[in-house]
Amino acid sequence: MTIRTILIHPDPRLKKVVPPVAEITPDIRTLADDMLQTMYDAPGIGLAAPQVGEMVRMITMDCVKEEGAEPRPLVLINPEVTWSSDATSVYEEGCLSIPEQYADVERPAEVKVSWLDVDGTAQEEHFKGLWATCVQHEIDHLDGKLFIDYLKPLKRQMITRKMQKLKRERARA
Ligand SMILES: [Zn+2]
């Protein structure tokens, strides 16, 4: 397993609608393992393939937060929201591609999502709470959408400028 480099916003690859995984090849399984390792290492609770520069519809998640609790690594290939609740909830979101920036985002409180696992088996789950927010945030990445796209333009521009500065500093280091 390899820890991949996480792209930092702004990057054109984070703005693209990416195509489905056509076939679950050994390369796709390796990418899934790499993404999980990269996510845990960051550390983060979710990661989408475009964030590591791989333009396919695949995300990883693990929203288990309790100390000492059993981890629950999930790999979702070609995930699709099949139902979302009218009720919404607000979470303070962050993103591994937008380090150290957080903002409240309102989304449906509960969603049903279907996907293929790494064995190609169809799965469906009803997500609530943090899991529901996280899965919607990650699926947004597959459609070129970031959590800052939900913010007012001024706030979004402020965060984008901070990220441009961060990238310049990192490039010089
Ligand atoms: Zn993100």
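**Aromatic pairs**

Reply: Gladly! Two aromatic pairs are counted, where rings of Phe, Tyr and Trp (its six-membered ring) pair if their centres lie within 6.5 Å. The model is predicted, so local features need pLDDT of at least 70 and side-chain atom pairs 80 or more, while totals for chains, interfaces and linings use all residues. Residues are numbered from 1 along each chain as its sequence is written, and side-chain values use heavy atoms, without hydrogens and water.

Me: Why is the pair of Trp115 and Phe127 called stacked?

Reply: Planes under 30 degrees apart count as stacked, over 60 as edge-to-face and the rest as tilted. The Trp115 and Phe127 planes are at 25°, with ring centres 6.0 Å apart, so the pair is stacked.

Me: And what makes Phe127 and Trp131 stacked?

Reply: Their planes are at 15° and their centres 6.2 Å apart, so this pair is stacked too.

Me: How do you know whether Phe127 is buried or exposed?

Reply: Buried means under 20% relative accessible area, exposed over 50%, partly exposed in between (1.4 Å probe, protein chains only). Phe127 has 1% relative accessibility, so Phe127 counts as buried. Trp131, with 17%, is buried as well.

Me: What makes Arg72 lie over the face of Trp131?

Reply: A charge sits over a ring if NZ of Lys or CZ of Arg is within 6 Å of the ring centre and within 35 degrees of the ring normal. Arg72 lies over the Trp131 face at 5.3 Å from the ring centre. Likewise, Lys112 lies over the face of Trp83, at 5.7 Å from the ring centre.
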